[in-house]
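Keep the picture open while you read.

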Amino acid sequence: MEGLHAPEEVKNKKARKANWTASEMELLVAEVSLKSSLLFGSFTNTITMAKKRKCWEDITDNFVPESMRWLTVKGRLDEAEAVVDLIARHNRRPKPENTRTRLEEVAKKELAQQEKQKKYTYLDTFHGWKMAKKSILCAFIWFTCSVTYYGVTFGVHSLSGNLFLNIVLLELVEIPGYVSTFWLNNKLGRKWSAFGFLLLAGVAMCGSLGVYLASERGIIVNVLALVGRFGIGGGWVVMYLFTNEIYPTVIRSLGFGVCQIASRIGGVVAPMLLLMDENNILVPFIVMGGMLMISCVCLVLLPETKDTPLQDTFKHPGTRDQRSEAETFDVTGAQCRDNSEREKSDVTVI
């Protein structure tokens, strides 16, 4: 293409290099320092906490959009519609017709339901035998994850070799477990992904029984600790997602809080477990392995949540006939459909 030449200002613009002035650099450093101090500082006054929330919003808005349901209920329909468009483009599906009208209808319905909605407490997480079973099983699994995770961490001084190298290895071995959950959760499901991770950790911990017969006991114990840390790290991450999907929306935060309480208790029990035999880490390992095996049985008793709509409300948990159907927030027009029909919908956001 001879005869076509870029304008002079374009050439100059391409040739121009970044040239930060001293004042610009000072402003940049000050902004970064301010946001860092806000995010990681231990400030508790009202003004600073408001700034901290605003700072997090500035960061998350660029990566994670706000919940379409929450935006709709709060009357921010323009932003909710933008999220619908983003989801449609991400899934390579056409944007549903009359999205705005359907969002307005859903907003009215949600507001009407909120006016009639009762106030839920932690007792509702144990209301009915089905819900009580879920809460007890999930709480025990979280308790076991916490005991094992912190037990292996606090017992690192009993492992052979360099203490600091062992600490680094225990942290690094978690990374593959965390990354693999992205694929395993969608391929195997939440239930069986957590089952596989906890089973691996349980086998590693129970494998300590055979160490008594080995000559190179120190190296084997280190390997078992690393395998156990890998399994418990991946399994605990899966449980975060699995637990949130098990509970209905109206008590989801309460149910998650129950499991968090159980895990904090486990963190308190972990150091005491190591005192069972201060001179031998194998005894606590065997106990933790037994708890992990029981947790695997608990997982088998829980329902799978992969490819199933999240339940919004419940009327009579524990009864088969009177329990309400799960409802999804669906801008395609259908509020309650069979599972097979939900899988065919273009854009469904819980």
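## A buried arginine and its partner

R229 has 0% relative accessibility, so it counts as buried (buried means under 20% relative accessible area, exposed over 50%, and partly exposed in between, using a 1.4 Å probe and protein chains only). E171 sits at 42%, so it's partly exposed. These two form a salt bridge, with their closest N and O atoms 3.0 Å apart; the term means a side-chain nitrogen of Lys or Arg within 4 Å of a carboxyl oxygen of Asp or Glu. Since E171 is in helix 8 and R229 in helix 11 (residues 217-246), the pair ties together parts 58 residues apart in sequence. Helices here are DSSP runs of H or I with at least four residues, numbered from the N terminus.

Before going on, note that this is a predicted model: local features need pLDDT of at least 70, side-chain atom pairs count only at pLDDT 80 or more, and totals for chains, interfaces and linings use all residues. Residues are numbered from 1 along each chain as its sequence is written, and side-chain values use heavy atoms, leaving out hydrogens and water.

The whole structure has 10 salt bridges. Some share partners, joining D78, E81, K95, R100 and E104 into one network.

Take R100, which is partly exposed at 30% relative accessibility. Its side chain meets that of D78 in a salt bridge (2.4 Å, N to O). R100 belongs to helix 6 (residues 99-116) and D78 to helix 5 (residues 77-90), so this pair ties together parts 22 residues apart in sequence. D78 itself is exposed, at 54%. R100 also bridges to E104, with the closest N and O atoms 3.6 Å apart. Those two are four residues apart in helix 6, which means about one helical turn separates them.

## A nonpolar patch

Now for the surface: a nonpolar patch of about 810 Å² includes L165, L172, Y178 and F182 among its residues. Patch members have over 30% relative accessible area and no salt bridge; nonpolar side chains (Val, Leu, Ile, Met, Phe, Trp, Tyr) are joined within 5 Å, and like charges within 9 Å. Areas come from the Shrake-Rupley method with a 1.4 Å probe, and for residues only the protein chains shown count as cover.

Helix 8 (163-172) and helix 9 (174-187) each supply at least two of the patch's residues. L172 is in helix 8 and, at 49% relative accessibility, counts as partly exposed.
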